[in-house]
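Please read the points beside the sequence and the structure.

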Amino acid sequence: VNIVLIILLSVCGCRNSMPVSKKASGVISPKGSQDAVADSPRHHHLHCHGQDSSSESLKNSRSSSTTSLSGTPEPVKQENEKVVLLVDGKKFRVNRSLLAKYPDTMLGKMFSTSMDRHMTQCNEYGEYEVAKGVPSRLFAAILEYYKNGYITCPDSQSVQELRETCDYFMVPFSEKTVKTNNLRDLMHEISNDGARERFESLLADIILPAMIKCARKGERECHLVVLHEEDVIEWDEENPPNMGEDQIQSVYSADLSRYFRYFDNRDIAKEVLQEKGLKKIKFGIEGYPTTKEKMRVRPNSGRTEAVYNYVQRPYIHMSWEKEEHKSRHVDFTCVKVKTDIDPDAEAATLVDPERDRNLD
């Protein structure tokens, strides 16, 4: 039975392998005809298969590139496209889509917007050199934010260095995004943020009106004393206290007085004022007269003056004078006038007095 089956299969195979085909008109063409080869079912099947594969490749090529108006294909950024970032001599391979999830950060803007070609320039190896001067450990911590949403401060780096790196990469720095064992430094950085925001509000509501009041009087600087709400100021109009040459302004503000209790807050306030172009910025505590205690007579001059009680209160001094390098005093210049003098009179003035005495 097996032998019979083998014979039948071989006979059928020989018949199927005969190069017989039909033309379009239905007439059988002899062996070797080009029309038979072109219209044979087997070749037709291969042709359709090739057409399908070419169409699929065309679709793939269309999905991987787009054609611009000029006819040149432009590559489309895929979600799984990786970029190589070179920091501190080390390479970091990151998915572009991972950076694009945070478009408000620096890396998100570099690799997610349509302007990234102009913002980023890769080297000859296709690597992007970013963050020159930033240690690789800090950059690895920054990349952790894109993956997990938080940053772990390396033990070898300080919280302040991490804060500066976060500011550079425009990554949010807060108690929700930073993890560290050094709570003191973390609280210090968070307090700096709160102090800056708070002073901006105090500057607009309290300090700026006092500065404008001085400016309307023609002054170029402002000396502001911060009083407590319970302070009572009662000056004698006929005998006011001697306040010197400075035009001192005073404000009642418990919030501003409490703000200046910390030296770190004063440093933050000085930075804010310097950023706004002010100069000669000073902070401190000085005595401020409140009420008259008694009257006394100066022993030397015999002049009567009032003696006042003083309280120690914080002050802030600032200037917006542009020509501060010039002298505030008027420089008087004596103009030399040349006059015509009689030659005889001029010769007389040159006579030696000793000689005149001898002549006498």
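1. Strand E12 and strand E13 (residues 304-319) run antiparallel and are joined by 14 bridges. Strands and helices here are DSSP runs numbered from the N terminus, with at least two residues (E) for a strand and at least four (H or I) for a helix; two strands pair if DSSP finds at least two bridges between them.

2. This is a predicted model, in which local features need pLDDT of at least 70 and side-chain atom pairs count only at pLDDT 80 or more, while totals for chains, interfaces and linings use all residues. Residues are numbered from 1 along each chain as its sequence is written, and side-chain values use heavy atoms, with hydrogens and water left out.

3. The pair belongs to an open sheet of 4 strands with mixed pairing, in the order E11-E10-E13-E12. Its edges are strand E11 (248-252) and strand E12 (279-297), each of which pairs on one side only. From one strand to the next, the twist averages 40°; angles run from 0 to 180 degrees between N-to-C directions, and axes are lines fitted to C-alpha atoms, for helices over the stretch in contact.

4. Helix H9 (residues 183-216) packs on this sheet and touches strand E10 (221-227), E11 and E13; contact means heavy atoms within 4.5 Å. The direction of H9 makes about 135° with that of E10. Helix H11 (residues 263-275) also packs on the sheet, where it touches E12 and E13, and its direction makes about 115° with that of E12.

5. The structure holds 0 disulfides, a disulfide being a pair of cysteine sulfur atoms within 2.5 Å. Cys153 is in none, and the nearest cysteine sulfur, that of Cys166, is 8.9 Å away. Cys214 is likewise in no disulfide; for this residue the nearest cysteine sulfur is that of Cys222, 3.7 Å away. Cys153 is buried at a relative accessible area of 8%, and Cys214 is buried at 1%. Buried means under 20% relative accessible area, exposed over 50%, and partly exposed in between (1.4 Å probe, protein chains only).

6. Two backbone angles deserve a check. Most residues other than glycine have a negative phi. Met170, however, has a positive phi near 60° and lies in the loop between helix H8 (159-169) and strand E9 (178-179). The phi of Lys280 is also positive, near 50°, and this residue lies in strand E12. Met170 is partly exposed, with a relative accessible area of 38%, and Lys280 is partly exposed at 37%.
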